[in-house]
Amino acid sequence: MAQPQGFEVKGKENLVCKLKKSLYGLKQAPRQWYLKFDRFMQEHGYNRCHSDYCVYFKRLDDDSYIILCLYVDDMLVAGSNMDHIKGLKRQLAHAFAMKDLGAAKQILGMKISRDRKNRTLTLSQADYVEKVLQRFSMENAKAVSTPLPGHLKLTKDMCPKTQEEEDKMSKVPYASAVGSLMYAMVCTRPDIAHAVGVVSRYMSHPGIEHWNAVKWILRYLRGTSRKCLHFGGSTTNLQGYVDSDLAGDIDTKWSTIGYVFTIGGAVMS
């Protein structure tokens, strides 16, 4: 780090400082924060999930468990014993400056609702979807019933061919809209996964037909903004289904694999 103004060492103005710990906002700061948090969790007996390094779990002597999910500096804690959860929160509060917001109701744009009597949990992004629709002026658009129409086949031939088309598409927020759709798709709207995958193929050079397809997906969300994931009920079995089309991509003649995994009656992947 360059020597701070007013604190230069006389005769060594050309030298820089070596940081003993990272500063907030530096390029390497997120990595250093994660290493520190990871070290804390492992020192307290938690195991890191092999498939997701931001998920930690611990099985206790009474056969109960605790799971902690980390997203940058936001945490969700779940467990089968409330006393153990409170103990973990005390340990975290002792090591880090943090706020306990109580029972999780919302995180990262997802609303969490519980029905403890029926042992169900619901994840919804209705508010996020409404903001996306307003951002792209689609809040009053006519709703449609499918993520993509069956007759619409997107190809590279629909990319701009004239300077006039290029200029027109340069004013269209195509990548921003697809990115917003991706976030909804990853979190609570797996029903648009295939449609988002199709329009993502033309991110680098979209045409007007590609943009119309994106707006179609937004129109679908307009009519289904209250749709949500509903976990729980009588069974928590894991089920998986997989299939593929045959040379469905018109440009490459590649096939597209589709899969869905459900747990507790709702899609998880």
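Residues are numbered from 1 along each chain as its sequence is written, and side-chain values use heavy atoms, with hydrogens and water left out. In this predicted model, local features need pLDDT of at least 70 and side-chain atom pairs count only at pLDDT 80 or more, whereas totals for chains, interfaces and linings use all residues.

Student: How many helices and strands are there in the protein?
Tutor: Helices are DSSP runs of H or I with at least four residues, and strands are runs of E with at least two, numbered from the N terminus. Counted in this way, the protein has seven helices and 11 strands.

Student: Is the protein a compact globule or more spread out?
Tutor: The radius of gyration is taken over C-alpha atoms, and the globule rule is 2.2 Å times the number of residues to the power 0.38. For 269 residues the rule gives 18 Å, and the radius of gyration of the protein is 24 Å, well over that value, so the protein is more spread out than a compact globule.

Student: What share of the residues in the protein is buried?
Tutor: Buried means under 20% relative accessible area, exposed means over 50%, and partly exposed lies in between, with a 1.4 Å probe and protein chains only. Of the 269 residues in the protein, the buried share is 30%.

Student: Which elements do the buried residues of α5 pack against?
Tutor: The buried residues of α5 are Y174, A177, V178, S180, L181, A184 and C187. With contact meaning heavy atoms within 4.5 Å, these residues pack against β6 (110-115), α3 (126-135), α6 (193-200), α7 (208-224) and β8 (228-232).

Student: Where does S137 lie, given its positive phi?
Tutor: Phi of S137 is near 55°, a positive value in a residue other than glycine. S137 counts as exposed because its relative accessibility is 61%. Its place is the loop between α3 and α4 (163-170).

Student: Is K253 buried or exposed?
Tutor: K253 lies in the loop between β9 (238-244) and β10 (257-263), and its phi is near 65°, a positive value in a residue other than glycine. Because its relative accessibility is 56%, K253 counts as exposed.
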